[in-house]
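Q: Could you walk me through the charged pairs in this one? I'm new to it, so please take it slowly.

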Amino acid sequence: MQEIRTTHDAVRPKNPLRAWFDVRKRNLGSWAFALNRLTGLALTVYLFLHLAILSKLLQGESGWNEFLALARSPLFLLLDIILIFGILFHGLNGIRVALVGMGVGARQHRRLFWVLMVIGTLLLLVSAWKVFTI
Amino acid sequence: MAERKVELKVFRYKQGQTPHYDTYNVTVDENTTVLVALQDVRRDQDTSLILRHSCHHASCGTCGMRINGQEQLACVVKVLELGTPTVVVEPLQNAPLISDLVVDMAPFYDRYNTPEMPYIRASEFWPKTDLPDGIAQYTRYENCLECGLCVSACPVAGTDSEYLGPAAMAAAARVVAEPRDSDPEFALNWVDNEHGCWRCHVAYECTEVCPSDVNPGEAIMSLRGALTRRKFRRVFGLGK
């Protein structure tokens, strides 16, 4: 790529947190963009938390049983629902971004978002029912 | 005409000083635009206020700024239609600040000033000319005012200083769609990198704020589509 001047501003240095998450006065795409990043970061943290919890298995049966008792508490189940929301939103919005990026539904990207979110809400409700009843 | 008093809260910056906001009381009527209100402030209250403008009718694209947090052309935004007692006026984002409401547009224009993407191109078809077979209608690709609102609103431009940005990539998409004497392969190669069309994350804020219906978001997606098709052709040995 040829040399071009950057948009760096010494007076107002770039602030990723503000650029990504300041969605005041922004539109649907920015909300989806911000939530996609937030869920992406949260799922990355969850992955490491998950591995840390699995290490409980190294403490033998009693250590794992202690964790299972905690995992069946209502608060923990609520965290499961939040996790499922993150997975569904990130996955379904990712599908939208991939499709639009390939030129599929580029003009209907808002409609595509809402269709996928309706599917996601239904899956979330079914998942929540399963989590609290099994 | 009914007049009302409104507060203008204006971002101020002079080189070497700390940025801050100054508030001015202005009297406006239903026809007063933000640009005219700012000019009134400059004429009657504070001659040190620096702003850029030219045509007053959304044609030149020089008065782009953030008005109540949204990128707009100040010349066509009426103060009272904003519906707020205080109107916050700030310079565009993602461009180096020069003074008050004026940013350095040179990095923005750099992205246009690229070989095979010239400012001046062969003339448009005459609108009343007969359409060739297979063409439903001619689409104008050169509506862009080069106002920079799209780059200011783009969350990716807010993090990547080398991002080519929506306006320049809309121009590249124009070259690909209608090359005339340009080389579409050059434009495709130009955007095919981590600071180009693959960096976009489909927030579509560029399209939302564009005052000229250029639809840069869709243009970037069309570049991705063209590059994807090109990569498939190359993988399966179907030409370049």
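Predicted model: local features only at pLDDT ≥ 70, side-chain atom pairs only at ≥ 80, totals over all residues.

Q: Which residue does R43(B) form a salt bridge with?

A: R43(B) forms a salt bridge with D40(B), and the closest N and O atoms of the two are 3.2 Å apart. Because they are 3 residues apart in helix α1 of chain B, about one helical turn separates R43(B) and D40(B).

Q: How many salt bridges does the structure hold?

A: Over all chains, the structure holds 20 salt bridges.

Q: OK, and R12(B) and D46(B), how do their side chains meet?

A: They meet in a salt bridge, at 2.8 Å from N to O. This pair links distant parts of the chain, with R12(B) in strand β1 of chain B and D46(B) in the loop between α1 and β3, 34 residues apart.

Q: Are those two, R12(B) and D46(B), buried or exposed?

A: R12(B) is buried, and D46(B) is buried as well.

Q: What about D100(B), what does that one form a salt bridge with?

A: D100(B) forms a salt bridge with K14(B), where the closest N and O atoms are 2.6 Å apart. Here too distant parts of the chain are linked, since D100(B) sits in the loop between β6 and β7 of chain B and K14(B) in the loop between β1 and β2, 86 residues apart.

Q: Is D100(B) buried or exposed?

A: D100(B) counts as buried because its relative accessibility is 0%, whereas K14(B) is partly exposed, with a relative accessible area of 22%.

Q: Which residues are linked in a network of salt bridges?

A: The network links R12(B), K14(B), D22(B), D46(B) and D100(B).

Technical notes. Residues numbered from 1 in each chain as written. Chains lettered and ligands numbered in written order. Heavy atoms only, no water. Salt bridge = Lys/Arg side-chain N within 4 Å of Asp/Glu carboxyl O. Helix = DSSP H or I, 4+ residues; strand = E, 2+ residues; numbered from the N terminus. Buried < 20%, exposed > 50% of the residue type's maximum accessible area, 1.4 Å probe, protein only.
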